[in-house]
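Subject: Handing over the two-chain structure

Dear colleague,

I am passing on to you the structure that we talked about, and I would be glad if you kept it open beside this message while you read. Please take your time with each part before moving on to the next.

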Amino acid sequence: MSKTVLTVDDSRTMRQMLRAALVDAGFNVVQADDGVSGLEALEVETPDVIITDINMPRLDGFGFIAGVRSAPRHRAVPILVLTTESDAAKKERARSAGATGWIVKPFDPDKLVSAIRRVTA
Amino acid sequence: MASDAIADIKTTFFQECEEQLAELEAGLLALEGGEADLETVNAIFRAVHSIKGGAGAFHLNDLVRFAHAYETTLDHLRSGQISATPAGTKVMLRAADMLADLVRAARDGGAADIARGDGIIEELVALSGAAEESAANDDGDGMDGLDFTPVQVSFDADSMDEAAAAASDAPLSARYVVEFMPKPALYAKANEAGLLLRELARLGEAVVSCDIGGTPLLPDLDPEGAYLRWTVTLPGDVEEAAIREVFEFVADDCDLDIRREGGASPAPTRAAETQNPDILNLLKTLEAEVQAQQAAASAPSPAQPAPERKAAGSSPAAEKPTAAKAEAGKAAAAANAAQATIRVDIDRVDRLVDLIGELVINQAMLAQRVAEAGLGRGSAVATGLDELERLTREIQDSVMAIRAQPVKPVFQRMSRIVREVAEITGKSVHLITDGENTEVDKTVIERLADPLTHMLRNAIDHGIEDPAKRVAAGKPAEGVVRLSALHRSGRIVIEVADDGAGINRPRVKEIAVRKGLVAPDAVLSDDEIDNLIFAPGFSTAESVSNISGRGVGMDVVKRSIQALGGRISISSRPGAGSTFTMSLPLTLAVLDGMVVSVAGQTLVLPLTAIVETLQPSEASVHSFGTSGQVISVRKALTPLIDVGMRLGFRSAPADSLACVAILVESEGGGRSALLVDAIQDQRQIVVKSLEGNYGHVPGIAAATILGDGRVALILDVDTLVAAGQSISLQQPQAA
């Protein structure tokens with residue numbers, strides 16, 4: 001059975017890129033467009049891995065990660081943060097909020113898939 | 001990814017850029033107006049950040065570089081390191097314009113003005129000023145900030161030498177020994193020691209051993225604790241960087257030691273050594289045990305599961321959802337509204353519009369057939385048809401509503417024009433927009449930008465005075481241009497009003513006389529003089545400035561508005577300013593028309609142009625010249641235009657007394673009476689472009705298909721009236 005990835009990003013471009021890359025790699029893809037809708041998606045979905053952006057309206061990535069980690073149902077799901085090279089401080093904050101790892105933007109599909117592989121069984 | 005998928009994503013990216021740019025500008029304007037809260041600043045930042053992110057994916061380097069500099073300054077703004085001064089906001093607005101240029105250059109393949117961009121980058125950096133120093137260390141694009149991947153990442157000289165030595169003698173004799181001991185935090189972040197081992201095993205043949213010596217007895221075991229220490233031996237030809245990369249995500253959450261050993265002696269073993277093939281079994285057993293223990297231990301022990309502590313520790317992030325919810329109910333509502341929309345390809349909507357057009361025509365044909373079949377209006381069929389007609393009209397309105405868009409995007413673009421022109425002219429101008437959410441058909445919106453741009457340029461260049469002059473005249477130094485939109489009786493009315501000097505009538509007349517547009521001795525009303533600026537070939541600029549002098553005069557504005565089925569008029573008060581008023585149809589696809597017959601032809605007159613219908617009588621119609629006729633309407637003489645003659649349907653003038661005169665008004669306010677044989681009907685018709693399918697015909701605006709399947713031409717009232725007026729002026733001279 002193929003793995004399910006939940007992507008949380010407010011940018012349509014990024015969502016489309018993630019979907020294209022992940023579907024090509026054989027994943028099921030579920031998408032949400034900000035932290036709030038990401039948490040809503042988690043009420044019905046059981047993803048194997050979550051990929052989230054940081055800067056989002058309504059609820060940002062930090063808040064979203066904290067939300068995922070504080071609920072028993074998904075606290076053990078690996079979360080990868082989409083970040084840019086220069087966001088060292090943001091990476092650190094995401095990690096302390098409970099992110100499993102990160103993907104540096106711009107990413108190529110191979111990097112994306114290998115990052116997922118590294119955190120999923 | 002397939003290349004067309006990438007092209008698709010790129011299209012999305014540029015669409016999204018436009019939205020982000022609009023949001024950026026709206027946010028900055030709110031900032032400028034002092035109405036910005038933290039969420040606005042965040043939205044501004046996100047807009048630039050998103051553009052940068054997407055641009056990076058497509059390797060749009062100029063765009064990335066600029067967006068990065070911009071983002072850095074905005075980040076300082078967001079974090080409160082700098083505050084939004086008026087001057088600073090202006091720089092940021094200019095930066096937004098530059099960003100828009102770069103986006104469009106990237107999209108359309110042109111070249112943006114990189115030098116200007118660099119200038120703005122310098123301004124942005126200057127803006128960040130003091131903040132820059134403290135931020136300098138995270139500006140080095142990350143490397144110094146990555147404290148969890150310490151300096152060891154790079155090979156130092158020794159290990160390079162060693163690697164070279166190892167490669168030259170026996171690779172097997174050298175090896176890496178990796179020792180790591182996860183901390184509870186590693187598991188709390190959903191990392192897995194087993195996965196790390198698997199990744200290590202991918203690099204080369206791995207010998208893994210596990211030290212379980214630190215594991216306490218069951219009663220003392222914290223199910224979420226971490227007690228195992230792993231030792232992995234890897235071949236010497238594996239790259240150390242690759243090993244470090246495996247631990248990239250967890251470097252802070254485990255004790256890690258990676259060392260290179262040159263000797264051939266076996267790896268230093270600890271208790272319970274296991275060979276590679278058995279590692280999975282061991283892991284499985286451990287996993288099963290841990291899970292069993294986890295279940296056994298009262299799982300939701302309130303005491304201290306690590307992740308919960310984490311969440312509480314980072315309280316700003318954890319509390320944010322509640323705070324955001326409580327405070328930004330409006331934002332949430334807006335977001336919900338945004339979610340309730342779908343994106344549809346415009347072609348599909350256009351297809352639907354076309355089909356509805358066919359439906360309207362078909363329904364009209366059906367009604368005609370029913371009438372021909374002799375079924376009375378009271379018959380069940382006729383009642384059903386009425387119902388169908390009502391439904392058809394409703395469907396039509398709904399479809400038109402799909403195409404309707406708020407004028408906001410165009411209005412937003414105008415604020416940039418105002419900024420630029422104000423800067424070039426050295427005038428201080430404030431743009432106020434009103435009614436931005438007024439909706440109108442997409443086609444109309446797209447074609448509004450050019451005329452509006454020109455009118456605003458004109459208002460600032462010619463209307464608003466220099467600050468010194470304004471102050472001398474007792475006005476505030478800053479001029480105001482007001483751009484507003486509203487719906488009025490089935491049309492959209494757009495006004496461009498300035499509080500400048502108003503039209504300099506003596507000068508306008510002087511120029512018009514000099515250019516031969518009016519006779520030197522002509523007596524003109526104020527309105528007539530004002531309207532001279534719409535005359536072809538008229539330009540008031542003393543020296544052709546590079547703002548208004550782009551080869552476009554107000555006559556072009558007028559023509560483009562007319563081409564949209566609109567009218568434009570001006571009112572001006574000396575010293576108090578001028579107001580240009582445009583009235584446009586809400587859609588170009590349907591219009592309410594009066595169906596008339598002329599010399600056996602069926603024609604349609606747009607209802608909006610019609611003032612009233614008259615029955616010519618001997619007393620009211622007066623002839624002059626060879627064929628000129630005027631009709632007296634409430635004691636005012638109005639040119640009477642024989643439509644059949646004008647369009648060449650007949651060669652001899654019609655008997656005006658047997659005809660109907662329709663009094664029409666053009667957008668300039670000029671009135672004429674059109675002579676037609678009879679009025680047939682008044683109905684909604686679907687406009688079919690004649691120019692697109694046939695060619696331009698003077699006096700004809702478009703065509704439509706009637707219920708009986710015949711094509712009817714839609715009259716271009718403005719052209720007919722203009723022709724009528726010129727006749728009324730010329731013919732007396734000829735006579």
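This is a predicted model: local features need pLDDT of at least 70, side-chain atom pairs count only at pLDDT 80 or more; totals for chains, interfaces and linings use all residues.

Let me begin with chain A, which holds five helices and five strands. Chain A has 121 residues, of which 60% are buried, and when one looks at its contacts between residues at least 6 apart in sequence, 58% of them join residues at least 24 apart.

Chain B, for its part, has 735 residues, of which 33% count as buried, and its elements number 25 helices and 22 strands. Among the contacts in chain B with a separation of 6 or more, 70% are accounted for by residues 24 or more positions apart.

In chain A, helix H2 (residues 35-44) packs with helix H3 (residues 61-70) at an angle of about 20 degrees, and their axes are 9 Å apart. Why are H2(A) and H3(A) described as roughly parallel to each other? The reason is that angles under 35 degrees count as roughly parallel, and the angle here is about 20 degrees, so H2(A) and H3(A) fall into that group. Their crossing is right-handed. On the H2(A) side the residues that meet the other helix are Gly35(A), Gly38(A), Leu39(A) and Leu42(A), while on the H3(A) side they are Gly61(A), Gly63(A), Phe64(A), Gly67(A) and Val68(A). Sorted by kind, the residues of this contact are four nonpolar and five polar, with no charged residue.

In chain B, helix H2 (residues 38-57) packs with helix H3 (residues 61-78) at an angle of about 155 degrees, again with a stated distance between the axes, which is 9 Å. Since an angle over 145 degrees counts as roughly antiparallel, H2(B) and H3(B) are therefore roughly antiparallel to each other. The crossing of these two helices is left-handed. Among the residues that make the contact are Val41(B), Ile44(B), Phe45(B) and Val48(B) of H2(B), together with Leu63(B), Val64(B), Ala67(B) and Tyr70(B) of H3(B). The residues of the contact between H2(B) and H3(B) comprise twelve nonpolar, four polar and four charged.

I now turn to the sheets of chain B. In general, the strands of a sheet pair through backbone hydrogen bonds, and they do so in either a parallel or an antiparallel way.

One open sheet has five strands in the order S20-S12-S13-S22-S21 (chain B), and its pairing is mixed. Which strands lie at the edges of this sheet? They are strand S20 (678-686) and strand S21 (700-705) of chain B, each of which pairs on one side only. On average, neighbouring strands of this sheet are turned by 35 degrees against each other, direction ignored.

Within this sheet, strand S12 (residues 590-598) and strand S13 (residues 601-606) of chain B run antiparallel and are joined by six bridges, and Gly593(B) has Pro606(B) in S13(B) as its bridge partner. S12(B) and S13(B) form a hairpin with two residues between them, and in the turn Ala599(B) has a positive phi of about 50 degrees. S13(B) also pairs with strand S22 (residues 711-715) of chain B, in the parallel sense and over two bridges, where Val604(B) stands opposite Ile714(B). S22(B) in turn pairs with S21(B) in the antiparallel sense over five bridges, and Ile700(B) stands opposite Leu715(B) in S22(B).

Another open sheet has six strands in the order S14-S18-S19-S17-S16-S15 (chain B), also with mixed pairing. Its edge strands are strand S14 (610-614) and strand S15 (621-624) of chain B, and the twist from one strand to the next averages 35 degrees. S14(B) and strand S18 (residues 660-665) of chain B run antiparallel and are joined by four bridges, with Ile662(B) in S18(B) as the bridge partner of Thr613(B).

With kind regards

Methods
Residues are numbered from 1 along each chain as its sequence is written. Chains are lettered from A and ligands numbered from 1 in the order in which they are written. Axes are lines fitted to C-alpha atoms, for helices over the stretch in contact, and angles run from 0 to 180 degrees between N-to-C directions. Angles under 35 degrees count as roughly parallel, over 145 as roughly antiparallel, 65 to 115 as roughly perpendicular and the rest as oblique. A crossing is left-handed if the near helix is turned anticlockwise from the far one by less than a right angle, and right-handed if clockwise. Two residues are in contact if their C-beta atoms, placed from the backbone, lie within 7 Å. Ala, Val, Leu, Ile, Met, Phe, Trp, Tyr, Cys and Pro count as nonpolar, Asp, Glu, Lys and Arg as charged, and the others, Gly among them, as polar. Two strands pair if DSSP finds at least two bridges between them. A residue is buried if 20 or more other C-beta atoms lie within 10 Å of its own, exposed if 12 or fewer, and partly exposed in between; C-beta atoms are placed from the backbone.
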